Amino acid sequence: MAEVKRVKRTCELENKRINSLRELNDFKEEIREERVGNQKRAGVRITTAMGSCGIAVGAQEILEAISDELTTRGLEDISIHNTGCIGLCEQEPLVKIKIEDQPAVFYGNLTPELAREVVKNHIVDNQIIASC
Amino acid sequence: MRNCGHIDPENIKDYITRDGYQALGTVVTELKPIEVIEIIEQSGLRGRGGAGFPTGLKWKFTHQAAGKEKYVVANADEGEPGTSKDRLIMEGDPHSLLEAMAIAGYAIGANTGYIYIRGEYQLAIKRLKIAIAQAKEMGLLGENLFDSGFNFEIKIREGAGAYVCGEETALLKSIEGERGEPQVKPPYPTNEGLWGQPTLINNVETLANIAVIIREGAEWFNEIGTEGCPGTKVFTLSGDVENEGIIELPMGTPLRRIIEGFGGGMVDDKEFKVAQSGGSSGGCMPKELLDTPMDYDSLAEIGMTLGSGALLVMDETHCIVDIAKCLMQFFKHESCGKCVPCREGNKRLYNRLDKISKGEGELEDLERLRDLADTMSKTALCGLGQMAPTSIYTTLKYFKDEYLTHIEDNNCTTGSCRGLVDLEVQDKRGGKDYGNNN
Ligand SMILES: Cc1cc2nc3c(=O)[nH]c(=O)nc-3n(C[C@H](O)[C@H](O)[C@H](O)COP(=O)(O)O)c2cc1C
């Protein structure tokens, strides 16, 4: 099984022991606040589907291409999140781009080259690519 | 599947931000075990592993059973061909399974849970292990959860690929380290399961509903789906549809809507011929039944099954006799051989279908197929042998003409049965017909 690499992590909070519902709720709020802050700073959230269906058709390479493209363009603030399969196995590899105050956009059947274009067109130039 | 696609399955914090472990916290600090069971009973949740048995009732039986120790087992074997919903849940939202198992443990009085998972699911296994480690680190699994005095630990056991090991009694034997063969029921696992102790065994999808029912309430759950089958069902759609994949829909969604809506219709606009619902042991649904609501009761009424939610859609190019033969080949191979009706029955069903597919069939064969199917469904030891002939029953009912064409006209209109097709090789390059020349 291919190793799923983490590219970056925004959440720096340490896991801690939870002894009551109250502590769980407080911790939840802490994480939320921290994430809202991170999100605001970056303005963009990129999520790659990393289920076995995605990984089998190259999600790992997509992840690396996006990460590389972000680094090359100096967009270090933007983090890439992993998630599992969303059920659209036929469309893998799949990436979701969510820019603040805009609807989320899914890009399916990606190749590393297309993924780089998505970064350039959608994230840098704010132009949604209609079909790829 | 509410969290799938929204959370990072390898980060417990993502699950917590979506109200993860709230239900467990509430249950162990504020509710009595019997109150938890009542909520599940009122929700009307039915097992998603295939049979649709009321989950609350199963929990109650296990709660009431006396034993030295009790166990919770998650059936993650997912051996049914064409089904991968449990994989999606475990790869995408592993904590929802862990949280539910701990809740179940509290409700029935168990401190240990086992996840019996299909060995091929290496990514799911890896993510479950990460999830268990993170939950332990935070005290959400292990000792004294939420300072309530309740302990719960979860272990993973990998299956080795036998279909029959998804059957609950065979599965338990396999965990015990014995040969994975079904046992005579009763006693049911709720009374005598793992090592003879009361054991609750539920499917992954069933369990994935638990935490959200506790959080949102039984009434909320009741409002989704149909009266007899509340909630949602996760379908694995595959075959000749434009979009294959996995989709969660309210129970009772008509088949047509699933195929045309999510599936995007048939590939290349070919004609729909048949959909097998519920996996290999499921019924074959013809065009006339496209508007059937997909829930346990509506399907059972017409001799079909919802099973695991597998939907294999086939177009006009597939031959019914060939499909039935393929299925019997599967069962012939997967029968564990412990009981005669299944071991011999599947072989005989296969042989007769093979004979028909070669143009050697007689009308009498159809009677024999039905007789044998009756014997198997009445006398086989477990669901494997009892349900194996479902495709025979349903194809004989809805596609009898196609069997007759094979028998009476020695013809397979789709060209799938090789024994009935005259092949002619033509040389396209020179326009010559190889059959006529030297
Ligand atoms: C041959 C055979 C295979 C089965 N395979 C599975 C399986 O892979 N996964 C599953 O959850 N249930 C499977 N079942 C059903 C289980 O025996 C059992 O009914 C189920 O795990 C109960 O869980 P539920 O009440 O949550 O549905 C199988 C049954 C039979 C007869």
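In this predicted model, an oxygen atom of the ligand sits 2.9 Å from an N or O atom in the side chain of N75(B). That pair is a polar contact, meaning two N or O atoms within 3.5 Å; within protein, one must be able to donate a hydrogen and the other to accept it, and residues adjacent in sequence count only if both atoms are side-chain atoms. Local features here need pLDDT of at least 70, side-chain atom pairs count only at pLDDT 80 or more, and totals for chains, interfaces and linings use all residues. Residues are numbered from 1 along each chain as its sequence is written, chains are lettered from A and ligands numbered from 1 in the order in which they are written, and side-chain values use heavy atoms, with hydrogens and water left out.

**Around the ligand**

- The backbone takes part as well: a polar backbone atom of G79(B) is 3.1 Å from an oxygen atom of the ligand, and a backbone N or O atom of R48(B) lies 3.4 Å from an oxygen atom of the ligand.
- On its own the ligand has 620 Å² of accessible area, and the protein covers 88% of it (Shrake-Rupley method, 1.4 Å probe).
- The ligand has 18 residues around it, with G49(B), K58(B), N202(B), N203(B) and T206(B) coming nearest (a residue is near if one of its heavy atoms lies within 4 Å).
- In chain B, β4 (199-203) and α17 (383-387) each supply at least two residues of this shell, and β4(B) gives the most, with three.
- Helices (H or I, at least four residues) and strands (E, at least two) are DSSP runs, numbered from the N terminus.
- By class, the shell has three nonpolar, nine polar and six charged residues; Ala, Val, Leu, Ile, Met, Phe, Trp, Tyr, Cys and Pro count as nonpolar, Asp, Glu, Lys and Arg as charged, and the others, Gly among them, as polar.

**The second largest pocket**

- Its volume is about 480 Å³, the space filled by probe spheres set on grid points joined across faces, edges and corners.
- A pocket is an open set of points on a 1 Å grid over the protein atoms alone, where a 1.4 Å probe fits, with protein on both sides within 12 Å along at least five of seven lines; lining residues have an atom within 4 Å of a point.
- There are 16 lining residues, and R35(A), Q39(A), R45(A), H6(B) and T17(B) lie nearest the centre.
- Two or more lining residues come from each of α1 (21-42), β1 (44-49) and β3 (95-99) of chain A and α1 (12-17) of chain B, with α1(A) giving the most, five.

**Backbone details**

- Most residues other than glycine have a negative phi, and most peptide bonds are trans.
- The bond from E92(A) to P93(A) is cis, with omega near -5°, and P93(A) is in the loop between β2 (80-83) and β3 of chain A.
- K185(B) to P186(B) is also a cis peptide bond, with omega near -5°; P186(B) is in the loop between α8 (168-175) and β4 of chain B.
- D101(A), not a glycine, has a positive phi of about 65°.
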